[in-house]
Amino acid sequence: MRGGWLGPIAVMLTGMVALAWSADSEVLRQRVPIDQIEAARAVTNPLPATTEVIEKGRALFEGKAFCRACHGADGKGLGMDLDYSTFKGPLPRNFTDRMWQQARTDGELFWILKNGSPGTDMAPFIPLVLTEEEAWQVLMYVRSFGGR
Ligand code: HEC
């Protein structure tokens, strides 16, 4: 009766793979609405990827833009001693996730800073907290977590 226990094991393994996949696909799911995605992707970072720009971005991330409070000093998405159980929707993004870094264009990330991620605790930052130039500096720093 070998088939007797192979069946349940196969079902369990399939379930585990499906779970792992759905966690990833939720992170990678496009945030910019479909009718705006083309325009958003066409936007590119006008700043050069110099250490000076990245350093300015880091200062904003840790300072006045308080990204660090939610995204963590290490960019992994679990920052200070926040109560993440009160967050609506997904947790803050882990910026060291290479798959996520590759899935998003700079223009999509800029859209998020302008509009927030609707239905989540990621709020819009432009223009109240960040100018457009500062937003591009911060995004250069966000990209640096991906090893670029
Ligand atoms: C109040 C907590 C909070 C703060 C402060 C915050 N974020 Fe977020 N951020 C989130 C959450 C929650 C998400 C996940 C939203 C989602 O999954 O759509 C997120 C997602 C993101 C994303 C990913 C969106 C995507 O396309 O997957 C980027 C980029 C981002 N934040 C950048 C920033 C930057 C830059 C700052 C500072 C200017 C900042 N965040 C400040 C909570 C925060």
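In what order do the elements of the protein chain run from the N terminus on? Colour the chain by secondary structure and read along: the order is α-α-α-α-α-α-α. That gives seven helices and zero strands. The model is a predicted one. Of the 148 residues in the protein chain, 33% are buried.

**Stop 1: the iron site**

The protein donors are NE2 of His 71 and SD of Met 122, at 2.0 to 2.1 Å from the iron. These two residues tie together distant parts of the chain, 51 residues apart: His 71 sits in helix α4, while Met 122 sits in the loop between α6 and α7. The iron has six donor atoms, the angles among them span 87 to 179°, and the site is octahedral.

**Stop 2**

Pro 127 is placed between α6 (106-115) and α7 (132-144). Display the backbone between Ile 126 and Pro 127: the peptide bond joining them is cis, with omega at about 5°. For background, most peptide bonds are trans.

**Stop 3: a backbone angle at Phe 66**

Go to Phe 66, in the loop between α3 (51-62) and α4 (67-71). Most residues other than glycine have a negative phi. The side chain can be shown as well: Phe 66 counts as partly exposed because its relative accessibility is 48%.

**Stop 4**

Side chains of opposite charge can pair when their charged atoms come close. Start with Arg 58 and Glu 55, which form a salt bridge with their closest N and O atoms 2.5 Å apart. The two are three residues apart in helix α3, which means a separation of about one helical turn.

Now look from Arg 58 to Glu 62. Their side chains also meet in a salt bridge, at 3.2 Å from N to O. This pair is four residues apart in α3, so here too the separation is about one helical turn.

Next, pick Arg 68. Its salt bridge is with Glu 62, and the closest N and O atoms are 3.9 Å apart. Through shared partners, the salt bridges join Glu 55, Arg 58, Glu 62 and Arg 68 into one network.

Colour these residues by accessibility to finish the stop. Glu 55 is partly exposed at 40% relative accessible area, and Glu 62 is partly exposed at 32%. Arg 58 counts as partly exposed at 29%, and Arg 68 is partly exposed with 29%. For the structure as a whole, the count comes to ten salt bridges.

**Stop 5: the nonpolar core**

The largest nonpolar core has 22 residues, and Phe 61 and Leu 130 touch the most other members. Which helices each supply at least two residues of this core? They are α3, α6 and α7. The largest share, seven residues, comes from α7.

**Stop 6: a nonpolar patch on the surface**

Switch to a surface view and select Trp 5, Leu 6, Ile 9 and Leu 13. They form a nonpolar patch on the surface, and their accessible area together is about 390 Å². Trp 5 belongs to helix α1, residues 3-28.

**Stop 7: the stretch between α4 and α5**

End at Leu 78, in the loop between α4 and α5 (98-103). Leu 78 counts as exposed because its relative accessibility is 54%, the cut-off being over 50%. Leu 78 and Asn 94 are 16 residues apart along the chain, and their C-alpha atoms are separated by 8.0 Å.

Key. Residues are numbered from 1 along each chain as its sequence is written. This is a predicted model: local features need pLDDT of at least 70, side-chain atom pairs count only at pLDDT 80 or more; totals for chains, interfaces and linings use all residues. Side-chain values use heavy atoms; hydrogens and water are left out. Buried means under 20% relative accessible area, exposed over 50%, partly exposed in between (1.4 Å probe, protein chains only). Patches are made of residues with over 30% relative accessible area and no salt bridge: like charges are joined within 9 Å, nonpolar side chains (Val, Leu, Ile, Met, Phe, Trp, Tyr) within 5 Å. Accessible areas come from the Shrake-Rupley method with a 1.4 Å probe; for residues, only the protein chains shown count as cover. A salt bridge is a side-chain nitrogen of Lys or Arg within 4 Å of a carboxyl oxygen of Asp or Glu. Donors are N, O and S atoms within 2.8 Å of the metal (3.2 Å for Na, K and Ca); water is not among the atoms, so sites may look incomplete. Four donors count as tetrahedral if all angles lie between 85 and 135 degrees; four count as square planar and six as octahedral if opposite donors are over 155 degrees apart and all others between 65 and 115; anything else is irregular. A nonpolar core is a set of buried Ala, Val, Leu, Ile, Met, Phe, Trp, Tyr and Cys residues joined through side-chain atoms within 4.5 Å.
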